[in-house]
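Biologist: Please walk me through this model. I will ask what backs each label.

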Amino acid sequence: MEKVYALILAGGRSERMGRDKALLRIEGETLLERSIRFWQDSRKAEHVLVAVGQPGHLEPLPEGVEAVYDVFKDRGPLAGILSAFRSTDADAIFVSAVDMPELRKEAILPVPPKNYGAAVYRKDGRAEPLFGVYRKSCADIAEKLLIAGRGKMSDLLESAGTKYHNVPAGCENIFRNLNYRADLREGLEKFED
């Protein structure tokens with residue numbers, strides 16, 4: 001039986017937002033709490049991990065949720081995924097960004113067959129790497145890319161052997177993320193200032 005965990009990418013600096021996105025509140029809970037609840041309620045992952053970047057950021061986490069610290073400091077999602085594999089015994093990891101408030105359980109991708117390193121959606125011809133599932137084989141690839149100064153998720157998808165999926169009907173908004181304060185007002189009046 002493979003060990004499958006979930007990883008919430010929450011270690012970013014949120015510079016464009018001007019404050020930590022993980023701590024923004026919607027309907028009475030922070031985006032981080034909402035993301036944790038999403039993965040716990042999904043029952044798809046044995047453990048929930050949070051890529052917090054550096055020790056002390058967003059901690060303490062709720063009981064049963066584990067912090068993951070950057071192996072490569074400030075190198076983005078690729079470093080978060082690498083760090084999660086390096087600090088756990090996971091065979092595969094579901095990944096989501098903390099600033100994606102409209103995730104839906106029916107959109108969770110299946111773990112790809114072992115001849116693939118990742119599975120992600122393609123929307124409007126573009127890969128959506130921040131809501132997908134990655135196999136442990138991605139760890140060595142990610143490390144080599146980061147050492148070479150290549151930190152883009154697209155580099156990992158190209159190198160890992162990625163299985164692409166079409167977005168299910170009704171799930172088109174799951175990739176909506178929040179980068180600027182204006183994003184909080186566009187169709188998401190539920191946010192609390």
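Modeller: Start with the surface. The protein chain exposes about 9,600 Å², and carbon and sulfur atoms supply 46% of that area. Keep in mind that this is a predicted model.

Biologist: How much of the protein chain is buried?

Modeller: Buried residues make up 49% of its 193 residues. The cut-off for that label is under 20% relative accessible area.

Biologist: Which strands form the open sheet, and in what order?

Modeller: Seven strands, in the order S5-S4-S1-S6-S8-S7-S9, with mixed pairing. S5 and S9 (162–166) are the edge strands.

Biologist: What makes S5 and S9 edge strands?

Modeller: Each pairs on one side only. Across this sheet, neighbouring strands are turned by 30° against each other on average, direction ignored.

Biologist: How do you know which strands pair?

Modeller: Two strands pair if DSSP finds at least two bridges between them. S1 and S4 have four bridges and run parallel. S4 and S5 have five, also running parallel. S6 and S8 pair in the antiparallel sense, over five bridges. Each of these counts meets the cut-off of at least two.

Biologist: Which residues stand opposite each other in these pairs?

Modeller: Ile-8 stands opposite Val-50 in S4. Leu-49 has Glu-66 in S5 as its bridge partner. For Ile-93, the partner is Tyr-134 in S8.

Biologist: Why is S4 called largely enclosed?

Modeller: Because six of the six residues of S4 are buried. Val-48, Val-50 and Val-52 point one way, while Leu-49, Ala-51 and Gly-53 point the other way.

Biologist: What does Val-50 contact?

Modeller: Leaving aside neighbours within four places in sequence, its contacts include Leu-7, Ile-8, Leu-32, Ile-36, Leu-61 and Val-68.

Biologist: Which members of the largest nonpolar core touch the most other members?

Modeller: Ile-8, Leu-32, Trp-39, Val-50, Phe-94, Phe-131 and Ile-174, out of 36 residues. S1, H1, S4, S5, S6, S7 and S8 each supply at least two residues of this core. H1 gives the most, with five. Another core, of 28 residues, lies apart from it, with Leu-145, Met-153, Leu-156 and Ala-160 among its members.

Biologist: Why is Phe-131 called buried?

Modeller: Its relative accessibility is 2%. The cut-off is under 20%, so Phe-131 counts as buried. Phe-131 is found in strand S8. Not counting residues up to four places away in sequence, Phe-131 touches Phe-38, Trp-39, Tyr-121 and Ile-174, among others. Phe-175 is another of its contacts.

Biologist: How close is the span of H1 to the one expected?

Modeller: H1 covers residues 31–42 and has 12 residues. From first C-alpha to last, H1 reaches 16 Å, close to the 16 Å expected at 1.5 Å a residue. Its buried residues are Leu-31, Leu-32, Arg-34, Ser-35, Ile-36, Phe-38, Trp-39 and Ser-42. Just after H1, Arg-43 takes a positive phi of about 60°.

Biologist: Where does H4 lie?

Modeller: H4 (residues 153–160) lies across S7, S8 and S9. H4 runs at about 60° to S8.

Biologist: What makes some backbone angles worth a look?

Modeller: Most residues other than glycine have a negative phi, and most peptide bonds are trans. Phi of Glu-27 is near 50°, a positive value. Glu-27 sits in the loop between S2 and S3. Asp-74 has a positive phi of about 55°, and lies in the loop between S5 and H2.

Biologist: Why are Glu-27 and Asp-74 called partly exposed?

Modeller: The label covers values between 20% and 50% relative accessible area. Glu-27 has 48%, so Glu-27 is partly exposed. Asp-74 has 41%, so Asp-74 counts as partly exposed too.

Biologist: Which residues does the cis peptide bond join?

Modeller: Glu-59 and Pro-60, with omega at about 5°. Pro-60 is in the loop between S4 and S5.

Technical notes. Residues numbered from 1 in each chain as written. Predicted model: local features only at pLDDT ≥ 70, side-chain atom pairs only at ≥ 80, totals over all residues. Heavy atoms only, no water. Expected span 1.5 Å × (residues − 1). Buried < 20%, exposed > 50% of the residue type's maximum accessible area, 1.4 Å probe, protein only. Core = buried A, V, L, I, M, F, W, Y, C linked by side-chain atoms within 4.5 Å. Contact = heavy atoms within 4.5 Å. Areas by Shrake-Rupley, 256 points an atom, 1.4 Å probe, with all protein chains shown as cover. Axes fitted to C-alpha atoms, helices over the stretch in contact; angles between N-to-C directions.
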